[in-house]
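The sequence and the structure come first.

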Amino acid sequence: MNELLLTTDYVLSMLYLWLKAAHLIFVIFWMAGLFMMPRFFVYHQEAAAGSPEAALWVEREAKLKKIILNPSLIVVWLLGLVLAVQIGAFAQGWFHAKLLFVLLLSGYHGWMIGYAKKLARGERKMTGKKLRLINEVPGIAAAIIVILVIVKPF
């Protein structure tokens, strides 16, 4: 009986580590997409409106969204919630702060998807300079999230 308990504990602990590794891998994919999309927007806006180059940027932005951004966001959220339940994180202050920043980052993701649609329609509401500044958002959020997860300041 003790051997079965030890085996079950071992399997569950290994499963947790694999889920955690997968979560981190998909966070990296998601962050890569969040860094890439605003750069795509800058290049898209620098292309002449209605040009073949602008059409290529619309296609690239759609592929980035479909292949990297949206699937990664879904997997990050699913695995993150499973891991949070597993360790009882919902009762910890650091996790509430992390969750707030992940929600904000998810909102940023949604804003980018919306802006890509505007660019695809030919609407160019922001300057390249503003888009370059906005490109800093995921880096700042990621730094805060990593500190919250590793240091657990509260």
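## Overall architecture

The model is predicted. The protein chain holds five helices and zero strands, and its elements follow the order α-α-α-α-α from the N terminus on. With a radius of gyration of 19 Å, well over the 15 Å that the globule rule gives for 154 residues, the protein chain is more spread out than a compact globule. The C-alpha trace spans about 70 × 30 × 15 Å along its principal axes.

Of the 154 residues in the protein chain, 32% are buried. When contacts between residues at least 6 apart in sequence are considered, 79% of them join residues at least 24 apart.

## Packing of α2 against α3

The axes of α2 and α3 lie 11 Å apart, and the two helices pack at an angle of about 165 degrees. An angle over 145 degrees counts as roughly antiparallel, and α2 and α3 are therefore roughly antiparallel to each other. Their crossing is left-handed.

On the α2 side, the contact is made by Val58, Glu61, Lys65, Leu69, Asn70, Leu73, Trp77, Ala84 and Ile87. On the α3 side, the residues are Trp94, Phe95, Leu99, Val102, Leu103, Ser106, His109, Met112, Ile113, Ala116, Leu119 and Ala120. By class, the contact of α2 with α3 has 16 nonpolar, three polar and two charged residues.

## Packing of α3 against α5

Helix α3 covers residues 93-120 and helix α5 covers residues 137-151; they pack at an angle of about 160 degrees, with axes 9 Å apart. That angle makes α3 roughly antiparallel to α5. The crossing of α3 past α5 is left-handed.

From α3, the residues Trp94, Ala97, Lys98, Phe101, Val102, Leu105 and Tyr108 take part in this contact. They meet Val137, Pro138, Ala141, Ile144, Ile145, Leu148 and Val149 of α5. Sorted by class, the contact of α3 with α5 has 13 nonpolar residues, no polar residues and one charged residue.

## Ser106 in α3

Ser106 lies in helix α3 and is one of the α3 residues in the contact with α2. Its relative accessibility is 17%; buried means under 20%, so Ser106 counts as buried. Leaving aside residues up to four places away in sequence, Ser106 touches Trp30, Leu73 and Trp77. Leu73 and Trp77 also belong to the α2 side of the contact between α2 and α3.

Ser106 and Lys118 are twelve residues apart in sequence, and their C-alpha atoms are 19 Å apart in space.

Ala49 is placed in the loop between α1 (2-46) and α2 (52-87). Its relative accessibility is 61%, and Ala49 counts as exposed. Ala49 and Glu123 are 74 residues apart in sequence, with a C-alpha to C-alpha distance of 9.2 Å.

Lys152 is found in the segment after α5. Its relative accessible area of 40% makes Lys152 partly exposed. Phi of Lys152 is near 50 degrees, a positive value in a residue other than glycine. Most residues other than glycine have a negative phi.

How values were computed:
Residues numbered from 1 in each chain as written. Predicted model: local features only at pLDDT ≥ 70, side-chain atom pairs only at ≥ 80, totals over all residues. Heavy atoms only, no water. Axes fitted to C-alpha atoms, helices over the stretch in contact; angles between N-to-C directions. Helix = DSSP H or I, 4+ residues; strand = E, 2+ residues; numbered from the N terminus. Parallel < 35°, antiparallel > 145°, perpendicular 65-115°, else oblique. Left-handed = near helix turned anticlockwise from the far one by under 90°. Contact = heavy atoms within 4.5 Å. Nonpolar A, V, L, I, M, F, W, Y, C, P; charged D, E, K, R; others polar. Rg over C-alpha atoms; globule rule 2.2 N^0.38 Å. Buried < 20%, exposed > 50% of the residue type's maximum accessible area, 1.4 Å probe, protein only.
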